[in-house]
Amino acid sequence: MEKTLVIIKPDGVERGLIGEIISRYEKKGLKIVACKMIKANREILEKHYAEHKGKSFYEDLMNYMMGGKVLVMVLEGNNVIQLIRKMHGSTNPIDADMGTIRGDFANKTTENIVHASDSKESAEREIMIWFS
Ligand SMILES: Nc1ncnc2c1ncn2[C@@H]1O[C@H](COP(=O)(O)OP(=O)(O)O)[C@@H](O)[C@H]1O
Ligand SMILES: [Mg+2]
């Protein structure tokens, strides 16, 4: 069964959206197979966001992700990687459809509440980073 890595980012945790978000995954029939709440350090975030190093938003992204606790999960289900990306909506909340998590709850591109792996390769890599 396919697996993906999901993070409820510090704004999602701080705003009390954990229950709302997890409930959407469960109602969709997806299974949480691992879950932990941690304060991420720079080292793990640099690995996780290696593809974005050097981009204009990278330092803001690091500081935001270190700014509070995150809930990191592995979700399992049929086509879960694509499904979760669809349920989260576009990266920029202006482009995210209403009914998606970002469309419903976010208004900034950096603080956009959730992360999900974007491919099988990313999912494998990210699960190793957070749950090895
Ligand atoms: N142009 C941007 N300005 C500010 N923050 C950004 C921008 N692009 C991406 N980010 C932040 O970096 C994260 C990782 O970017 P990316 O991998 O492109 O998006 P996604 O999380 O949708 O896969 C985004 O979720 C967002 O928090
Ligand atoms: Mg991404």
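Reader: Why is Thr4 called buried?
Author: Buried means under 20% relative accessible area, exposed over 50% and partly exposed in between, with a 1.4 Å probe and protein chains only. Thr4 has 0% relative accessibility, so Thr4 counts as buried.

Author: A word on the basis: this is a predicted model, where local features need pLDDT of at least 70 and side-chain atom pairs count only at pLDDT 80 or more, while totals for chains, interfaces and linings use all residues. Residues are numbered from 1 along each chain as its sequence is written, chains are lettered from A and ligands numbered from 1 in the order in which they are written, and side-chain values use heavy atoms, with hydrogens and water left out.

Reader: Which residues are in contact with Thr4?
Author: Contact means heavy atoms within 4.5 Å. Leaving aside neighbours within four places in sequence, the contacts of Thr4 include Met73, Val74, Leu75, Ser117 and Ile127.

Reader: What joins the side chains of Thr4 and Ser117?
Author: A polar contact of 3.5 Å joins them. The term covers a pair of N or O atoms within 3.5 Å; within protein, one must be able to donate a hydrogen and the other to accept it, and residues adjacent in sequence count only if both atoms are side-chain atoms.

Reader: What sits over the ring of Phe131?
Author: The charged end of Lys36, 4.8 Å from the ring centre. The rule asks for NZ of Lys or CZ of Arg within 6 Å of the ring centre and within 35 degrees of the ring normal.

Reader: Which polar side-chain atom lies 2.8 Å from an oxygen atom of ligand 1?
Author: One of His52. For Asn112 the distance to an oxygen atom of ligand 1 is 2.9 Å.
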